[in-house]
Amino acid sequence: MERSKVTLFSTLLLFGLISFGLNHFHVADGSGHAVTLIQKYSYYYDILLTIGINIILAVGLNLVNGYTGQFSLGHAGFMAAGAYASSWLTLSYGYSLGGGAFATTFAFVIALLLGGVAAAFSGLLVGVPSLRLKGDYLAIVTLGFNEIIKGVIQNCDALGAQRGLGGMAPSTNFFWTYAFGAVTVYVVLSLVNSTYGRGFLAVRDDEIAAEAMGINTTKYKVLAFVLGAFFAGIAGGIYAHFKQFIHPEGFNFMKSVDVVVMVILGGMGSTAGVCVAAALLTILPEVLRYVSHIEALPEWLRHIAENRMILYSLLLIVLMLTRPQGLFGAVNLKRKKA
Amino acid sequence: MADKLLEFLQQLVNGLSQGSIYALIALGYTMVFGVLRFINFAHGDVYMLGAFAGFYFGPKVTQLFGRGAAAGSMPLGDLLNPAAWVTLLVAMALCAVIGIVIERLCYRPLRERPKLTVLITAIGVSLFLENGGQYAFGVDPKSFPEIITDRALEIPESWGKISGLTVTLSQVLIFGVTLLLMLVLRHIVVKTRMGMAMRALSFNPVAAQLMGINIDVVISFTFGLGSALAGAAGILTSMQQPSIDPLMGVNAGLKAFVAAVLGGIGNLQGAALGGLLIGVVEALVVGYGNPTYRDPIVFGALIVILLLKPTGLLGASEREKV
């Protein structure tokens with residue numbers, strides 16, 4: 001077996017063990033009762049799962065924005081497609097498999113994968129216009145597509161329309177979140193490091209030269225969109241079965257921007273950097289919330305800490321002016337293309 | 001039959017007044033694209049700042065200048081209301097300065113960098129204005145001060161069936177001021193030296209520079225001009241819908257962008273035409289269809305335009321040079 005596969009499987013095994021430990025290792029809570037680690041540290045566990053979901057989202061988007069050089073601003077739309085598709089599946093058919101723990105988990109994983117496929121299909125729809133568009137136009141079209149997906153959901157009564165959709169089984173746990181995270185990282189890394197996947201980088205670096213070398217740029221761009229959307233759909237499904245309630249407004253433009261900021265901060269085209277940035281930017285709002293409650297700080301500072309988007313936007317501007325390749329990025333965005 | 005026609009005309013009137021707002025914003029997008037070949041994402045938020053400039057300065061200006069003697073008494077006496085005009089000019093001037101400052105601080109240092117860097121910066125500026133606006137002005141919608149008293153205009157019975165239409169004073173003002181501003185803009189672009197420099201720059205930046213045009217000045221001027229129009233749009237729209245909030249620029253900005261693309265980005269007449277068209281389409285969707293489909297239909301239209309005719313209705317195609 002290849003080394004990368006060994007790494008993947010041992011990582012999955014490790015996550016399985018951690019998950020088992022979290023669920024079955026008992027500690028005493030404040031009043032002396034024995035509770036599992038998850039119950040005791042539920043706040044931190046929630047943050048941990050959110051980090052995992054954001055890693056899947058950001059690494060998937062990095063394939064489109066970072067490695068292939070297309071600028072997508074509609075990642076939340078794909079996430080919505082996956083979240084709603086998988087929730088609809090588990091709500092409609094999940095119980096027909098029986099109520100046991102195994103059946104629920106089985107239904108969850110199948111629904112996640114089908115949700116990913118639904119998102120991938122919507123990614124295909126966006127990928128096709130992207131063939132003729134670049135940069136700014138593509139950004140706006142993907143943004144518009146995000147709005148369209150949102151609009152369709154808002155008008156679809158079977159999906160709860162404006163009321164949102166709730167009542168999903170809480171199937172998301174540490175193992176599935178991070179297992180899918182590991183698979184996402186594995187697929188993206190294996191792809192871009194393979195001979196075949198070099199095409200993504202070629203499209204990014206110089207589309208015209210790549211085409212002249214016989215690379216089917218169309219195929220690579222669409223493939224990047226479809227794969228990125230697939231992973232976003234998976235992340236959406238995990239998110240839906242974690243929060244157990246989803247609403248169309250939760251997948252708006254701002255959510256897309258969140259993911260874009262993760263990719264840019266981490267460095268476009270650096271998977272490790274993007275993972276670190278996803279973790280950092282998930283923890284940051286929690287830290288800011290903590291800061292905004294410190295009485296000793298001046299009033300205005302606490303107000304700014306409450307509104308993390310001010311800091312995010314300043315971060316974007318300052319990063320672009322001083323270090324456009326991101327914290328860990330390898331891409332040299334400073335050089336102007338001829 | 002006549003009632004149906006009347007209803008259609010009513011939607012047309014509503015659409016044209018909303019479309020004028022989109023057209024004014026779209027002009028700014030198109031002008032900046034013309035000289036810099038990039039989309040100023042923050043443009044919609046300058047429009048929001050224009051509305052807030054009116055919110056803060058409007059009452060003071062009304063105190064200083066008064067509403068004029070003719071307001072309310074003559075059929076169109078409000079057009080002579082000095083406070084409204086001064087507020088409009090103040091907001092336009094303020095937005096022009098803001099536009100120039102944004103360009104100087106955020107876009108000029110990046111002019112030699114790849115487009116993606118500038119695009120991300122523009123998104124950053126846009127988010128900063130929106131969230132900074134929420135921080136500075138508060139999140140809740142504010143009610144815009146009543147600078148003119150909006151009312152339905154009476155159409156004489158002698159005009160026949162048309163007298164059944166409801167046309168408000170603000171709709172007339174919006175359409176009229178937009179037309180006026182477009183004529184002024186056209187004069188600037190076609191007749192003045194600065195306008196000639198703008199056209200030269202958009203035609204060929206390198207050659208323009210070689211001919212002795214100071215492109216920094218021209219770009220600043222373009223940003224100022226576009227932002228002033230957005231500021232005017234902010235004031236005009238607030239006269240009709242007196243509820244303003246820091247995120248009002250997001251949707252309007254996107255719609256105006258769609259309008260600019262529809263008309264052919266970089267083309268001034270195209271932006272005006274596109275804005276009016278988008279406004280009318282929206283009004284028709286709301287009037288005859290489902291209002292919740294308004295935004296998806298506009299964005300769907302954008303995707304279709306870009307697929308079928310990426311240069312827009314009036315745009316000229318540009319050949320890519322290797």
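Chain B has 11 helices and four strands, where helices (H or I, at least four residues) and strands (E, at least two) are DSSP runs numbered from the N terminus. Bear in mind that this is a predicted model, so to speak of local features takes pLDDT of at least 70, side-chain atom pairs count only at pLDDT 80 or more, and totals for chains, interfaces and linings use all residues. Residues are numbered from 1 along each chain as its sequence is written, with chains lettered from A and ligands numbered from 1 in the order in which they are written.

Now, the overall form of chain B. Its radius of gyration is 20 Å, which agrees with the value near 20 Å for a compact globule of 322 residues; that is taken over C-alpha atoms, and the rule is 2.2 Å times the number of residues to the power 0.38. Of those 322 residues, 48% are buried, meaning 20 or more other C-beta atoms, placed from the backbone, within 10 Å of the residue's own.

On to the partners, friends. How many residues of chain A are in contact with chain B? There are 37, and they meet 36 residues of chain B, a contact being C-beta atoms, placed from the backbone, within 7 Å. On the chain A side, H6(A) gives the largest share, 12 residues.

Last, helix H12 of chain A, residues 271-291. This helix reaches 30 Å from first C-alpha to last, close to the 30 Å expected, that is, 1.5 Å times one less than its number of residues. Its buried residues include A:Val274, A:Cys275 and A:Leu281, and the cover over the buried residues of H12(A) includes H3, H7 and H11 of chain A.

How values were computed
Two residues are in contact if their C-beta atoms, placed from the backbone, lie within 7 Å. A residue is buried if 20 or more other C-beta atoms lie within 10 Å of its own, exposed if 12 or fewer, and partly exposed in between; C-beta atoms are placed from the backbone.
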